[in-house]
Amino acid sequence: MTITIALPSKGRLKEDSIAALERAGLKIIAPSDARSYRARVENRDEIEIAYMSASEIARELGEGTLDLGVTGEDLVQETIADWENRVAIGARLGFGRADVIVAVPEAWLDVDTMADLDDVAAEFRQRHGRRLRIATKYWRLTQKFFSSQHGIQVYRIVESLGATEGAPAAGSADVIVDITSTGSTLRANKLKILDDGIILRSEACLVQSLKPRSSQDEAAIASVFAALNA
Ligand SMILES: Nc1ncnc2c1ncn2[C@@H]1O[C@H](COP(=O)(O)OP(=O)(O)OP(=O)(O)O)[C@@H](O)[C@H]1O
Ligand SMILES: O=P(O)(O)OC[C@H]1O[C@H](OP(=O)(O)OP(=O)(O)O)[C@H](O)[C@@H]1O
């Protein structure tokens, strides 16, 4: 039996993921064809490595087609419906840190909290003839935070697949929900994070799919977590 560990094939999480496994004693043998998205681990024939995009890793963990994967917690929570029952976050890896936040224009001087934003949302239609628009690619996290946690119901999500911080200035949204790490993109676009507007502090994690599997595979997974958490 083999278990499959998926690692990001590109982007900011790729190199750190490989390094984290190597520090845990899992040395990845590069495939003979560098364009291949499959690899093996030295002296661990029961482990197969698959390279794929970070969001695809989250999706496939949710569907149970992978055993383990390294991806961001934000992508886990956003991509997988009912994520707590489908996957388990087994190790936080200390890189890929970023916060998913609610930010509003700096010019909104009297809006500093989610309660202030609730007031704005409630008045928005009367004042502007439409609902408050939130630009984001984090639909699920936004709905959970606004509707379930803060009881804000009157808003509209405008899907943004990039340059989200530009949406308020461009006039396509009023506020945003996006990732920030250094804060420089928010500052450059004259946006401020609400005082209680941190939805999630995310980092790269090793995540396990919660599907039934053989005791041999369970043991292989446990040994990977033990090595990483050692
Ligand atoms: N400054 C940052 N901007 C965006 N994402 C970041 C940042 N810092 C860390 N991350 C994390 O990196 C992950 C996304 O990584 P990356 O952008 O490499 O993926 P991607 O290649 O865009 O993935 P996909 O192709 O699946 O969308 C997310 O979990 C995110 O939280
Ligand atoms: O707080 P900061 O350090 O400014 O980082 C945050 C920005 O970085 C990411 O964009 P990036 O330009 O990396 O492109 P991406 O959206 O394609 O990941 C992210 O989407 C934010 O816009």
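These legends accompany close-up views of the two ligand sites in a predicted model.

**View A. Ligand 1 and the residues around it.** Let's start with the neighbours of ligand 1. The shell holds 15 residues, and those that come nearest are Lys10, Arg12, Ser53, Ser55 and Asp74. Sorted by class, five residues of this shell are nonpolar, six are polar and four are charged.

**View B. Polar contacts of ligand 1.** Here we look at single atom pairs. The side chain of serine 53 places an N or O atom 3.0 Å from an oxygen atom of ligand 1. Serine 181 uses a polar side-chain atom, and its counterpart, 3.0 Å away, is a nitrogen atom of ligand 1. On its own the ligand would expose 620 Å², of which the protein buries 74%.

**View C. Where ligand 1 sits in the fold.** Two elements give two or more residues each to its shell: helix 2 (54-63) and helix 3 (73-79). Why does ligand 1 lie between domain 1 and domain 2? Domain 1 (3-97 + 203-229) and domain 2 (98-202) both contribute residues to the shell, so the ligand is placed between them.

**View D. Ligand 2 and the residues around it.** Now for the second ligand. Its surroundings are formed by Arg12, Glu165 and Asp178, together with Ile179, Thr180, Ser181, Thr182, Gly183, Ser184 and Thr185. One residue of this shell is nonpolar, six are polar and three are charged.

**View E. Polar contacts of ligand 2.** Again, the atom pairs are worth a look. Threonine 180 brings a polar side-chain atom to 2.8 Å from an oxygen atom of ligand 2. Glycine 183 takes part through its backbone, with an N or O atom 2.8 Å from an oxygen atom of the ligand. For threonine 185, an N or O atom of the side chain lies 2.5 Å from an oxygen atom of ligand 2. Taken alone, ligand 2 exposes 490 Å², and the protein buries 59% of that area.

**View F. Where ligand 2 sits in the fold.** Ligand 2 is found in the largest pocket. Strand 10 (175-180) and helix 8 (184-188) are the elements that supply two or more residues to its shell. Which of the elements gives the most to this shell? That is strand 10, with three residues.

Definitions and conventions:
Residues numbered from 1 in each chain as written. Chains lettered and ligands numbered in written order. Predicted model: local features only at pLDDT ≥ 70, side-chain atom pairs only at ≥ 80, totals over all residues. Heavy atoms only, no water. Near = heavy atom within 4 Å. Polar contact = N/O pair within 3.5 Å; in protein donor to acceptor, adjacent residues only side chain to side chain. Areas by Shrake-Rupley, 256 points an atom, 1.4 Å probe, with all protein chains shown as cover. Helix = DSSP H or I, 4+ residues; strand = E, 2+ residues; numbered from the N terminus. Nonpolar A, V, L, I, M, F, W, Y, C, P; charged D, E, K, R; others polar. Domains from an automatic or database assignment. 1 Å grid on protein atoms, 1.4 Å probe; cavity = no way out; pocket = protein on both sides within 12 Å on 5 of 7 lines; lining within 4 Å. Sits in = over half its atoms within 2 Å of the grid points.
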